[in-house]
Amino acid sequence: MAAGDLLEQKFSFNLLSCKTFSFIQDRNTTERLMKWSMLGRITAQAFNFDQPFHTYKKHEFVSDFFKDPLVVSNLKVIGATGSWEPLERKVTNVTVETVPCTKISVDMFDPLYSRGILRPTGHIIKCFHDYDANFDELRKMLMIEDSENYEIISQEERQEFLFRLFKHFCLGGELCQYEDVVTHYIETTRLIYKDMLSVQKDPETKEIRIVSTVLKVTAYDDSGLCYPSEKEVEQTFAYLIVDPFKRNVYVLYHSYGVGVFTATDTDMTHT
């Protein structure tokens, strides 16, 4: 193959419709997502691809993903009516952010127990807020940069995929019923984090390391932003989690809004 042909290589994708995600099948998790107004608005899908993946080619990879006819006709989004529909847009541009993903435990949350955010039991301490009578020290630490506890989680750690997931679940959807105990947030974060990522054991050090690459993505058509939504909202997100060895890519998607109220109202896979 000529060098010019190599430069023109395009990724092709196939939907892995039989792939199941344990968090979707876990009753405790679906009940929590329902309580947080995220059930019916969060989904995971799996695709595979046909070319070697390298992080430095992430933009080309994501661009090819959103231009692939099979992806366009199968990638699910919440449409303007609030129902699931395929993307079916002609994507003209993408943005791609590499999300650090190095944590193999939830130890980063240990400081929450020693700074007046949690009681020793894990119960979240309430606090005064001008507009929210149910505001608490955990959301204060997550959201308010000039709060006294904001820096107990460093800026570097706040960029980690593990922390981002935790924050997403703590803030929830439009009619979120917040937890009184932090354990439910941490357990859900751990389960979904583990579900999305691939790991390997280093043959020399015997240490476990994450081999997946996590990409936060947005896509645009001629009218502007079209994925994960037409409006930019912090709690509307899409991550592509790439396993370069198995050549799989998982999509974790959520659209902020009012979730469903019973687990039987929706199938979160939608694949």
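Helices (H or I, at least four residues) and strands (E, at least two) are DSSP runs, numbered from the N terminus.

## Basis of the model

This is a predicted model, in which local features need pLDDT of at least 70, side-chain atom pairs count only at pLDDT 80 or more, and totals for chains, interfaces and linings use all residues. Residues are numbered from 1 along each chain as its sequence is written, and side-chain values use heavy atoms, with hydrogens and water left out.

## Loop residues

Pro-228 sits in the loop between strand E9 (224-227) and E10. The peptide bond that joins Tyr-227 to Pro-228 is cis, with omega near 10 degrees.

Another loop, between E4 and strand E5 (93-99), holds Glu-88. Glu-88 is a residue other than glycine with a positive phi, near 45 degrees.

## Packing of H8 and H9

Helix H8 (residues 161-171) packs with helix H9 (residues 183-196) at an angle of about 130 degrees, and their axes are 9 Å apart. Axes are lines fitted to C-alpha atoms, for helices over the stretch in contact, and angles run from 0 to 180 degrees between N-to-C directions. H8 and H9 are therefore oblique to each other (under 35 degrees counts as roughly parallel, over 145 as roughly antiparallel, 65 to 115 as roughly perpendicular and the rest as oblique).

In H8, Phe-161, Leu-162, Leu-165, Phe-166, Phe-169 and Cys-170 meet Tyr-185, Ile-186, Thr-188, Thr-189, Ile-192 and Tyr-193 in H9 (contact means heavy atoms within 4.5 Å). The contact of H8 with H9 has ten nonpolar, two polar and no charged residues. Here Ala, Val, Leu, Ile, Met, Phe, Trp, Tyr, Cys and Pro count as nonpolar, Asp, Glu, Lys and Arg as charged, and the others, Gly among them, as polar.

## The largest pocket

The largest pocket has a volume of about 380 Å³. On a 1 Å grid over the protein atoms alone, a pocket is an open set of points with protein on both sides within 12 Å along at least five of seven lines, a cavity is a set where a 1.4 Å probe fits but cannot get out, and lining residues have an atom within 4 Å of a point. Grid points are joined across faces, edges and corners, and a volume is the space filled by probe spheres set on the points.

The lining of the largest pocket divides into nine nonpolar, five polar and six charged residues. Strand E3 (76-78) and strand E4 (84-86) each supply at least two residues of this lining.

## The cavity

The count comes to one cavity of 30 Å³ or more. About 50 Å³ of space lies in the largest cavity, and its lining has five nonpolar, three polar and two charged residues.
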